[in-house]
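Subject: Structure handover, with notes

Hi there,

Here is the structure I promised to pass on to you.

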Amino acid sequence: MMSAYETILAIGQRVLDGHEITKEEAIQLIHTPDEDTMFLLAMADKIKQRFSENEVDLCAIINARSGKCPENCKFCAQSAHHDTGVEEYPFMDEDSIVAAARKAKEAGAIRFSIVTSGRNTSNPNEFEQILQVLTRIREEVGVEICCSLGLLTYEQALRLKEVGVTRYHSNIETAPSHFPSICSTHSYEDKMSTIENAQKAGIRVCSGGILGLNETLEQRVEMAFELKRLHVDSVPLNILNPIPGTPFENNEALHPLDILRTFAVFRFILPTALIRTAGGREVNLRDLQAYALSGGLNGIMVGGYLTTGGRSPLDDLQMIDDLALKRAAL
């Protein structure tokens with residue numbers, strides 16, 4: 001029987017040679033013991049270097065419409081089903097959103113996403129306003145434009161494509177087998193419809209999930225293979241930051257090495273994808289944040305998240321410089 005070290009080396013070499021990892025092998029890797037985890041991260045980083053540029057992609061988002069969401073996702077501070085005290089406001093004015101995009105670009109972001117709470121954007125007047133401000137960001141700020149507007153119709157996807165949206169964000173959140181445990185007001189099939197509509201319109205999909213939703217390690221592997229099946233090439237991985245007032249407020253924090261092992265295994269499964277660490281990294285990884293970028297990941301979200309703040313973008317830029325990595329350019 002091979003040791004953990006030998007298993008990592010053998011599977012990693014096969015991926016480097018262009019072969020695919022199996023679910024059984026991925027499950028072996030995600031159970032790597034603590035003492036061999038740094039070797040797992042090193043091999044994941046070799047895979048990243050083999051299949052992508054050795055640079056870090058920076059993106060930023062704005063919570064353009066906050067709170068009062070009718071969906072009951074158990075992790076979310078913006079759900080109307082939970083009493084979290086989150087700030088609530090309607091769609092922001094255009095100038096404020098454009099100003100936020102400029103600030104994000106100054107912080108190093110090469111793409112900027114407008115995110116709105118709610119099931120969808122069914123108000124036609126608001127959707128037109130979103131199209132207008134996206135156009136302004138593309139023309140006036142000069143960054144790649146993305147958005148996350150909930151469930152999406154094919155007709156809406158076509159309009160977003162027309163104004164230059166290159167990626168649509170719709171997290172699958174977790175493994176298909178675990179999804180019914182975290183939300184009941186919309187289905188996993190609703191998610192699939194949105195992803196299909198975006199892809200059919202010619203928009204690349206950004207989709208990932210959240211670690212720490214009471215899923216098993218095997219379900220994390222299941223999520224990664226589902227993203228592979230969906231041909232998703234941009235994967236944000238969030239870590240739960242439990243919000244008081246939500247059903248998951250008492251979830252135990254994940255151990256940093258557990259998180260980093262998961263990141264690494266996603267790289268083994270998705271060798272060519274842009275995989276970024278996003279919400280919850282500061283709280284959960286703490287002093288080990290740099291290991292995400294030296295352990296297989298090639299992107300980070302800067303400047304804060306939907307309802308929680310991040311750390312200074314200057315600290316992230318310093319971290320990238322200290323790792324001798326380059327920042328991706330437009």
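Predicted model: local features only at pLDDT ≥ 70, side-chain atom pairs only at ≥ 80, totals over all residues.

**Helix pairs**

Two packed helices are described by the angle between their axes and the distance between the axes.

Let me start with H1 (residues 4–16) and H2 (residues 23–30), whose axes come within 11 Å and cross at roughly 135°. H1 passes H2 in a left-handed crossing. On the H1 side the contact is formed by Thr7, Ile8, Ile11 and Arg14, which meet Glu25, Gln28 and Leu29 of H2. Sorted by class, the residues where H1 meets H2 are 3 nonpolar, 2 polar and 2 charged.

H1 also packs against H3 (residues 37–51), here at an angle of about 5° and with the axes 10 Å apart. H1 is therefore roughly parallel to H3. From H1, the residues involved are Tyr5, Ile8, Leu9, Gly12, Val15 and Leu16. They meet Phe39, Leu40, Met43, Lys46, Ile47, Arg50 and Phe51 of H3. This contact of H1 with H3 divides into 10 nonpolar, 1 polar and 2 charged residues. If you look at Ile8, you will find it in the list for H2 and again in the list for H3.

The crossing of H5 past H6 is right-handed. H5 brings Phe127, Glu128, Leu131 and Leu134 to the contact, and H6 brings Gln156, Arg159 and Leu160. By class, there are 4 nonpolar, 1 polar and 2 charged residues where H5 meets H6.

Ser79 sits in the loop between strand E1 (55–65) and helix H4 (94–106). Is Ser79 buried or exposed? Ser79 is buried, because its relative accessible area is 3% and buried means under 20%. Its side chain has two polar partners worth a look. One is the backbone oxygen of Glu71, which the Ser79 side chain reaches at 2.6 Å. Another is the backbone nitrogen of His81, 3.1 Å from a polar atom of the Ser79 side chain. Leaving out residues up to four places away in sequence, Ser79 touches Cys69, Glu71, Asn72 and Cys73.

**Ile210 and Glu173**

Ile210 belongs to strand E6 (residues 209–211). With a relative accessibility of 10%, Ile210 counts as buried. Which residues does Ile210 contact, leaving aside its neighbours within four places in sequence? They are Phe75, Glu173, Glu215, Asn238, Ile239 and Leu240. As for Phe248, its C-alpha is 12 Å from that of Ile210, and the two are 38 residues apart in sequence.

Glu173, one of those contacts of Ile210, lies in the loop between E4 and helix H7 (188–200). Glu173 is buried as well, at 10% relative accessible area. Have a look at its backbone too: phi of Glu173 is near 75°, a positive value in a residue other than glycine. For context, most residues other than glycine have a negative phi.

Arg286 is in the loop between helix H10 (281–285) and helix H11 (289–293). Here the residue is partly exposed, at 47% relative accessible area.

Finally, Gly164 is in the loop that joins H6 and strand E4 (167–169). Gly164 is partly exposed, with a relative accessibility of 24%. Not counting residues up to four places away in sequence, Gly164 touches Arg138 and Ile145. Cys146 is 18 residues from Gly164 along the chain, and their C-alpha atoms are separated by 8.7 Å.

Best wishes

Terms used
Residues numbered from 1 in each chain as written. Heavy atoms only, no water. Left-handed = near helix turned anticlockwise from the far one by under 90°. Helix = DSSP H or I, 4+ residues; strand = E, 2+ residues; numbered from the N terminus. Contact = heavy atoms within 4.5 Å. Nonpolar A, V, L, I, M, F, W, Y, C, P; charged D, E, K, R; others polar. Axes fitted to C-alpha atoms, helices over the stretch in contact; angles between N-to-C directions. Buried < 20%, exposed > 50% of the residue type's maximum accessible area, 1.4 Å probe, protein only. Polar contact = N/O pair within 3.5 Å; in protein donor to acceptor, adjacent residues only side chain to side chain. Parallel < 35°, antiparallel > 145°, perpendicular 65-115°, else oblique.
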